Protein chains: 2
Amino acid sequence: MDHIPTRQDIIEAHKSIINYIHRTPVYTNASINRVTEATIYFKCENFQKVGAFKMRGASCAVAALDEDTRYKGIATHSSGNHAQAVALTAKLYGIESHIVMPENAPAIKRQAVEEYGAKIYTSGNRIEDREKKMTEVLQASGASFIHPYNNYDIIAGQATASKELLEDLPDLDTVIAPVGGGGLLSGTALTCRYHDEQIKVYGAEPALVDDAARSLASGKIEGNFRIDTIADGLRTNLGDKTFAIISKYVDEILTVEEESIIAAMRMIWERMKIVVEPSGAVPLAAILSHPTIFTGKKVGAIISGGNVDLQNLPF
Amino acid sequence: MDHIPTRQDIIEAHKSIINYIHRTPVYTNASINRVTEATIYFKCENFQKVGAFKMRGASCAVAALDEDTRYKGIATHSSGNHAQAVALTAKLYGIESHIVMPENAPAIKRQAVEEYGAKIYTSGNRIEDREKKMTEVLQASGASFIHPYNNYDIIAGQATASKELLEDLPDLDTVIAPVGGGGLLSGTALTCRYHDEQIKVYGAEPALVDDAARSLASGKIEGNFRIDTIADGLRTNLGDKTFAIISKYVDEILTVEEESIIAAMRMIWERMKIVVEPSGAVPLAAILSHPTIFTGKKVGAIISGGNVDLQNLPF
């Protein structure tokens, strides 16, 4: 797609992926509602295929390829949930996937991608090394590169999470999603705007990697000085496409401290009995850290994923 | 109730607690089905109020009290999920609850019960100390003692978990539940027998506390020589009421090693993204440890609860 997804584009996107994704449940929890003095509806993308919303975008981008192009395979560089989503989408379509991973990617991540049948290529750890390797792989394979977020088909795919949420709960006051590269937040903002101009849309990001908040303040895409947040899914910067949508349609980016992310994650595990990754707990951390915005509101919060290393938990 | 619950008794029991419990979801997981070569439907009582099926039995036993008796309050001795269930039931009914806990009960368990507004009494750690204290409390308060499992109203309440499961999936081949004192397994066996004589019903217990398996073999209630299993909800022995029902209606008790419980628990956390306690993972451990029984079958497995200490995980 070569334009910002319209309402109709998102409806078509949803149809194109319906057999490749789960319709995930929406949970609310009396005890968390008491603590926050809000009514929070959690859209549980930790129960999505590959354990994260990334499956929506990846399957949407692949559905959008013409058949001849798709047949040549797909590729990306990532060591996270997007890599698993690309690999599983390829498997379901019966095509090849090529994933470039840095040398320092954890063995467990490599293994997850391998289990979906992807071909893995190891690059150096610097971003230039990865991109160089990616170019080689694309040339040799003829595969299509699937960008993790700066791609309108990806954005339309991620938008389907909030589309389902608003189908289930059409009268939300506020929706909040985590922001890393901005694919999920862009899609969320579009769906909310198309549904009801009055809904407030917030992004949530770790204060340690507050590039999105600073980008909105300065009016241009900002980088980060350090990326050692526990919310490993949110270390990325915005792209030009996601920045444009977020600038226009998101009300505010709320930042949260690391200890608040850990406390929110723990609250979700203990009270909701579900496994969420640190990035997925960032919206609740934002609600807990900025209570005046949410008190008394009916809030949709997107739990982005549930892929954690159980041998390396922060509590 | 003074008799083994009939089909109609269980229907009435369900009606009596419907406003005090959640109807919990049933989940299946493609990846676990692949590994086990069975189709497993997990009844997720980790999402039940207080995080465990115990809420069903406790609220059922309290509903069964006549109003004057109920008004005098309820009591039990327990440091586990039953104590929380009794405390929350009392709170919801607006009556007093009295919980006797041993000195060595973890602070976190005391706190959970306190938060529901129960009065806590501390006893010595030996079973005689607890029972002596319990007798004093019952005499002083006039409260009714709610036994954790050897009580037909409790059994009828626990039976509602498998009742819901069979309403959702009427054509299961096999149902498996963990067994400690036997309240859940007794109720499960009754519901399955009333639903369809052909359903196989299994109990699952840690090999370290295989009292139920030995009781079925010897024809009398057996005790345990050690109780240091990680599945802390299953350390109890059967009572005369649960033993009679289980002897008659359960096909077999399957035992599992400790490492198998931990592996099953981890598999559920990692692949299903839900938090289950060790006891709740024992049925999957049994399926993994006794594959020939379950291969190709449509299996209902009851996940008993999700209350774990996140600071003290086995992985």
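The model is a predicted one, in which local features need pLDDT of at least 70 and side-chain atom pairs count only at pLDDT 80 or more, while totals for chains, interfaces and linings use all residues. Residues are numbered from 1 along each chain as its sequence is written, and chains are lettered from A, with ligands numbered from 1, in the order in which they are written.

Chain A holds 14 helices and 10 strands, taken as DSSP runs (helices H or I, at least four residues; strands E, at least two) and numbered from the N terminus. Its C-alpha trace spans about 55 × 40 × 40 Å along the principal axes. Of the 315 residues, 55% count as buried (20 or more other C-beta atoms within 10 Å of the residue's own; exposed means 12 or fewer, partly exposed in between, with C-beta atoms placed from the backbone). As for contacts (C-beta atoms, placed from the backbone, within 7 Å), residues 24 or more positions apart make up 74% of those in chain A with a separation of 6 or more.

Chain A splits into domain 1 (7-53 + 152-303) and domain 2 (55-145), with bounds from an automatic or database domain assignment. Their C-alpha centres sit 25 Å apart. Where they meet, 21 residues of domain 1 are in contact with 15 residues of domain 2. On the domain 1 side, helix H1 (7-17) and helix H8 (152-168) are the elements giving two or more residues, and H8(A) supplies the largest share, 7 residues. That side has 10 nonpolar, 8 polar and 3 charged residues (nonpolar: Ala, Val, Leu, Ile, Met, Phe, Trp, Tyr, Cys and Pro; charged: Asp, Glu, Lys and Arg; polar: the others, Gly among them).

Between the chains, 13 residues of chain A are in contact with 13 residues of chain B.

Over in chain B, B:Pro106 sits in the loop between strand S4 (97-102) and helix H6 (107-115). B:Pro106 counts as exposed because 12 other C-beta atoms lie within 10 Å. B:Thr174 is 68 residues away from B:Pro106 along the chain, and their C-alpha atoms are separated by 36 Å.

How values were computed
Contact = placed C-beta atoms within 7 Å.
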